[in-house]
Amino acid sequence: MKRIEPLVSIILPIYNSKEYLRKCLESVCGQTYKNLEIICIDDGSTDGSEVILDEFGKKDERIKIVHKENNGESSARNAGLKIMSGSYVGFVDCDDWIEAQMYEKLVHAMLEQDVDIVAASWYKDIDTVSQKIENSGQVKKEAFGRNELLNYIYQRDSYRGFAYMWNKLYRRELFYDRKGELILFPEDLALGGDVLYLARLAFNSKRAFYIDEGFYHYYQRSTSGCHTTDLKKRMDWIEAYRRVIEYAVKNGTDEAVLIWIKRFMAYHSSNVAELAYVQKNKKILDQCINIMKCYYKEYVSTNGQYSERIQRYNQILEYRLE
């Protein structure tokens, strides 16, 4: 009997990543699972990435290339979503790379377990060092429901393997709302669009499965968005979590899950408050302090075993600028 091999759409936004792009594309094109639609969105690259991309496109007919004006990662991902045709969808970032068996293993689990999302562990690559990310908490070995998935995603201390969009495979149906309209990344946020989008997909799911193997190599750069000192961009991250909380409340999310999402809101607000204090930005500092006060109870109750975190949080609450 011939094995079913559904089409997988891989969405790959590209912007000025010449140094890493060749390795990334080689790893995607070299997958042992061959039924791929590799959607590459060049978001206005000017460093030669666009040339490398066209080179690969000539060699592999599975690659679909879109060259567009630069408008950010969310815009690029949306361009990919609008032309995807696969039964399953995955995401890869242009400065990362993946193990050869990644999509074969994820598709096999998707079919065998009959789930909406399959997640797997991943590697953090810094220079030449590659470290597999481990969960300290116990993840179910069988398929699990939406609430458990949400807990795994937001209880980050215990379940680091669930944090991001790119270490997962998604059933296509998750990308549409109740009206049948395609859900898009928020293009008004410079940072945090993936935070909100992962939440939307997770809330749309019913069943998920986890593979405790690492396939995705996340290359952590000091110049990545999460390390930016741009306060406006960092405030977008807080706005993303505000929208996640709003969406969770609207959809009647269990308080046991909601408390962990609120904890993230408090945590990111504390980080931005520190930065605003250093940069002497009173307006943003005051905004962040107010958010920290709003979610103080949730932050303290979810960090009971981390007294140093609570101490730091309380110290930041005392920050003032005239």
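Strand 1 (residues 8-14) and strand 2 (residues 36-43) run parallel and are joined by seven bridges. Two strands are taken to pair if DSSP finds at least two bridges between them. Strands (E, at least two residues) and helices (H or I, at least four) are DSSP runs, numbered from the N terminus. The model is predicted: local features need pLDDT of at least 70, side-chain atom pairs count only at pLDDT 80 or more, and totals for chains, interfaces and linings use all residues. Residues are numbered from 1 along each chain as its sequence is written, and side-chain values use heavy atoms, with hydrogens and water left out.

Proline 13 stands opposite isoleucine 41 in strand 2. Strand 1 is mostly covered, with seven of its seven residues buried. Buried means under 20% relative accessible area, exposed means over 50%, and partly exposed lies in between (1.4 Å probe, protein chains only). Val8, Ile10, Leu12 and Ile14 point one way from strand 1, and Ser9, Ile11 and Pro13 point the other way. Residues of both sets are buried. Strand 2 is largely enclosed by the rest of the structure, because eight of its eight residues are buried. One side of strand 2 carries Leu36, Ile38, Cys40 and Asp42. The other carries Glu37, Ile39, Ile41 and Asp43. Both faces are covered.

A second pairing is antiparallel. Strand 6 (residues 117-126) and strand 7 (residues 129-132) are joined by four bridges. Aspartate 125 has serine 130 of strand 7 as its bridge partner. The hairpin of strand 6 and strand 7 has two residues between the strands, and aspartate 127 takes a positive phi near 55° in this hairpin.

The protein chain as a whole contains 11 helices and 10 strands. Its radius of gyration is 20 Å, which agrees with the value near 20 Å for a compact globule of 322 residues. This radius is taken over C-alpha atoms, and the globule rule is 2.2 Å times the number of residues to the power 0.38. Along the principal axes, the C-alpha atoms fill a box of roughly 65 × 45 × 45 Å. Of the 322 residues, 53% are buried. The chain exposes about 15,400 Å², of which carbon and sulfur atoms supply 48%. Accessible areas come from the Shrake-Rupley method with a 1.4 Å probe; for residues, only the protein chains shown count as cover. Among contacts (heavy atoms within 4.5 Å) between residues at least 6 apart in sequence, 78% join residues at least 24 apart.

Serine 85 lies in the loop between helix 3 (73-81) and strand 4 (88-91). Serine 85 is partly exposed, at 43% relative accessible area. Its side chain makes a polar contact of 2.6 Å with that of glutamate 37. A polar contact is a pair of N or O atoms within 3.5 Å; within protein, one must be able to donate a hydrogen and the other to accept it, and residues adjacent in sequence count only if both atoms are side-chain atoms. Beyond neighbours within four places in sequence, serine 85 is in contact with Leu7, Ser9, Glu37, Lys64 and Arg172. Lysine 18 is 67 residues from serine 85 in sequence and 28 Å away, C-alpha to C-alpha.

Helix 8 (residues 255-278) holds asparagine 271. Asparagine 271 counts as buried, at 16% relative accessibility. A polar contact of 2.8 Å links its side chain to that of arginine 312. Asparagine 271 touches Arg234 and Arg312, not counting residues up to four places away in sequence. Valine 272 is also in helix 8. Valine 272 is buried, with a relative accessible area of 2%. Leaving aside neighbours within four places, it is in contact with Leu231, Arg234, Met235, Ile238, Ile284 and Cys288. Tryptophan 237 is 35 residues from valine 272 in sequence, and 9.5 Å separates their C-alpha atoms.

The count of disulfides (a pair of cysteine sulfur atoms within 2.5 Å) is zero. Cysteine 29 is in no disulfide; the nearest cysteine sulfur, in cysteine 40, is 7.3 Å away. Cysteine 29 is buried, with a relative accessible area of 15%. The sulfur of cysteine 288 is too far for a bond, because the closest cysteine sulfur, in cysteine 294, is 13 Å away. Cysteine 288 is buried, at 0% relative accessible area.
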